[in-house]
Amino acid sequence: MLRRMIAGTTLVLVLLGGCGIPDGSDVTDLGPGPSTGISSGDGSLRSRLTRESTSDRAQFVTNYLQAAAGDYDTALERVKQFMSTPAKEHFNAPAAPRVIRTINTPLLTKDQDKVKVEYELLGTLGKNGLIEPPAEPTTGTYEFTLTEVTGDGLFMVEAPPFLLLSTRGLDNFYEERTIYFWNTEYTGLVPDVRYIVGDVPIEQEPTIILGWLIGGPAPWLQDAVKPLPEGTRTEGKVPAIEKNELAITLSAQAVPTQDADAAVDRLRRQLQWSLRRLPYEFLKLRIGHQEVRSYSGTDYLSSNPAHRLVPNPDRYVVYDRTVRRLVEPDRPTPDTVPGLNADNNKDVSRAAVTTTGSHVYAALVTGSGKNERLRVGFAPAGQVATLREITGLPGGIGYPVWAITPEGRTDGAAGLVIADGRLWRFRAQGGQALQVTWPGGTGKISAITVAPDGHRVALAIGGRLYRAVLTISGDGLALSGMQELDPPLESVTAVDFTSEGWLTVAGTDRSSKRIAIEDVSIDAALQSDRLADIGTNAVSYLTTYPANPESNRPTGSTLMYSTGIDAWEGLSTSVQLKVGSLAGPSSEPRPGVVPGAPFFLD
């Protein structure tokens with residue numbers, strides 16, 4: 001199946017010809033409507049914490065740091081409701097809230113009139129629903145001055161001159177929404193995760209999402225995706241769901257005159273994916289003064305490679321220098337590896353195998369020490385791959401990952417691998433490795449993961465976490481849009497995509513100084529414990545198969561990771577993968593020979 005697919009993948013579009021949208025366009029009925037998924041806010045207000053909610057000073061500040069959550073235009077007014085009259089008159093903060101992660105609990109001074117909050121600045125939340133990270137990580141302490149009025153409670157007398165929004169407030173009062181933009185090759189949609197206020201009435205959500213689409217992609221994605229054409233705007237009636245229909249009218253500029261029918265088809269797929277969580281069956285789309293086109297059904301799903309993600313992927317490890325399949329509960333698990341046989345599945349230390357509907361691609365790191373080599377190849381589905389060496393790599397070869405796996409053909413197929421702390425690109429046909437460049441790059445890379453869309457990547461560099469996009473350049477692939485993120489871990493060593501909008505990250509917990517694995521949002525503003533304490537051995541590699549965006553699971557399937565030569569499965573706790581986990585017959589365990597280097601069949 002396709003997990004990673006970028007340039008080189010051909011999306012078949014039916015070009016109906018013409019240099020514009022015909023005035024007599026017929027309504028196209030494509031069957032049942034899209035899955036509605038989880039509905040948005042129903043207009044009911046969530047429980048708000050007011051100035052009178054507590055008399056505890058530390059809790060008062062905690063509540064204050066959530067007051068900016070909600071409608072963007074009235075955030076200042078909500079924050080001022082916590083303040084004394086003189087403080088209100090002097091408080092004029094910028095409109096965009098600063099999103100902060102608080103460290104420990106608020107600390108009261110001895111006289112209790114001041115409260116200090118240690119924080120990490122994660123970015124600013126814009127009206128477009130994006131959190132833009134700061135230029136570099138920022139930590140510090142904010143100080144708040146409180147006073148108590150007998151019979152009237154606590155008031156904020158002095159506060160930092162910003163609208164502050166804690167990650168708790170972000171989690172409590174916002175929901176994630178994903179909109180989509182076509183990649184620059186028009187071969188697939190790329191996710192762009194935003195935040196919408198949780199109590200927004202459902203009638204307003206189409207207007208908000210269309211505004212985001214028209215406003216363009218997140219800055220870090222701009223080199224990898226196509227914005228809507230300049231001049232695109234909504235026209236006429238405000239989009240709303242009536243009688244199971246969502247009617248949208250866009251200006252004529254939304255579609256170019258050249259290859260207009262193909263452009264309309266791309267546009268409606270982009271809209272259907274971006275609006276798929278809303279409860280409608282038919283999308284009624286009008287461009288300019290042309291005839292309305294009607295769309296329903298699920299054919300639009302094929303435009304997003306992540307839709308091909310399966311619920312129960314096959315799992316593999318390297319055992320005794322060969323790739324072996326793991327036993328899967330409740331289903332047969334023959335000990336076979338796509339594309340490999342006894343002749344080429346030997347002397348292996350690390351591997352990556354991916355399949356499309358037509359081909360299988362394999363990348364194996366073989367040998368050891370100075371004789372370590374990367375060998376790659378491909379074959380039609382069901383056949384054995386011929387492996388060829390990748391030349392020009394320095395020592396210290398890491399885990400390979402397939403980034404480009406075209407459907408139906410093999411030219412352009414490519415992968416990535418870290419060697420000597422640098423990132424390299426290789427072709428499925430073998431040959432010379434090329435270094436992947438990135439602006440201002442310093443520090444050694446220890447991990448890279450490629451999202452199912454094939455463009456977005458996350459990296460661990462010098463113990464820090466970054467996100468970026470892969471772009472096609474004249475010399476091959478390049479990284480751009482590089483932004484540093486600030487997860488609740490230090491010394492990040494491993495990372496993988498666990499869904500369209502979340503990452504799984506391993507590193508050292510800042511409080512306990514022990515190794516932990518966390519799920520974090522793509523901007524690192526939200527977090528969820530995966531394995532809060534796995535000891536003191538650093539995670540050298542982790543993998544988790546991402547969740548299909550149409551599933552109800554927010555993050556990926558079972559986590560697997562490596563510490564030294566040992567491989568582990570992350571359930572509610574860590575369970576070591578042993579010889580008994582292997583499919584097929586196994587010889588008696590030998591001292592020092594254990595399953596390692598786990599991976600999923602992509």
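## Stop one: Arg 51 and helix H1

Start by selecting Arg 51, which sits in the segment before H1. Keep in mind that you're looking at a predicted model. Is Arg 51 buried or exposed? With a relative accessible area of 8%, under the 20% cut-off, Arg 51 counts as buried.

Now show the polar atoms of the Arg 51 side chain. One lies 2.7 Å from the backbone oxygen of Asp 152, and the backbone oxygen of Leu 154 is 2.9 Å from a polar atom of that side chain. Beyond four places in sequence, Arg 51 is also in contact with other residues, including Phe 60, Gln 81, Phe 82 and Phe 155.

The buried ones are Arg 57, Ala 58, Phe 60, Val 61, Thr 62, Asn 63 and Tyr 64. Look at the start of H1 too: a side-chain oxygen of Asp 56 comes to within 3.2 Å of the backbone nitrogen of Ala 58.

## Stop two: the cores

Next, select Leu 170, Tyr 174, Leu 267 and Leu 503, which have the most contacts inside the largest nonpolar core, a set of 65 residues. Apart from that one lies another core, of 26 residues, and Phe 60 from the first stop is among them, as are Leu 65, Ala 87 and Met 156. In soluble globular proteins, nonpolar side chains tend to be buried together.

Zoom in on Leu 503. Leaving aside neighbours within four places in sequence, its contacts include Ala 458, Leu 465, Val 495, Phe 497, Val 520 and Ile 522.

## Stop three: Gln 270

Move to helix H6, residues 260-274, and pick out Gln 270. Gln 270 is buried, with a relative accessible area of 4%. Which residues is it in contact with, leaving aside neighbours within four places in sequence? They are Tyr 180, Phe 181, Trp 182, Leu 189, Leu 213 and Leu 228.

## Last stop: a pocket

Finish at the second largest pocket, with a volume of about 620 Å³. Of its 24 lining residues, Arg 101, Thr 102, Ile 103, Thr 167 and Gln 527 lie nearest the centre. Strand S1 (98-108) gives the most, 6 residues, while H4, S29 and S31 each supply at least two. The lining divides into 8 nonpolar, 8 polar and 8 charged residues.

Methods. Residues numbered from 1 in each chain as written. Predicted model: local features only at pLDDT ≥ 70, side-chain atom pairs only at ≥ 80, totals over all residues. Heavy atoms only, no water. 1 Å grid on protein atoms, 1.4 Å probe; cavity = no way out; pocket = protein on both sides within 12 Å on 5 of 7 lines; lining within 4 Å. Points joined across faces, edges and corners; volume = space filled by probe spheres on them. Helix = DSSP H or I, 4+ residues; strand = E, 2+ residues; numbered from the N terminus. Nonpolar A, V, L, I, M, F, W, Y, C, P; charged D, E, K, R; others polar. Core = buried A, V, L, I, M, F, W, Y, C linked by side-chain atoms within 4.5 Å. Buried < 20%, exposed > 50% of the residue type's maximum accessible area, 1.4 Å probe, protein only. Contact = heavy atoms within 4.5 Å. Polar contact = N/O pair within 3.5 Å; in protein donor to acceptor, adjacent residues only side chain to side chain.
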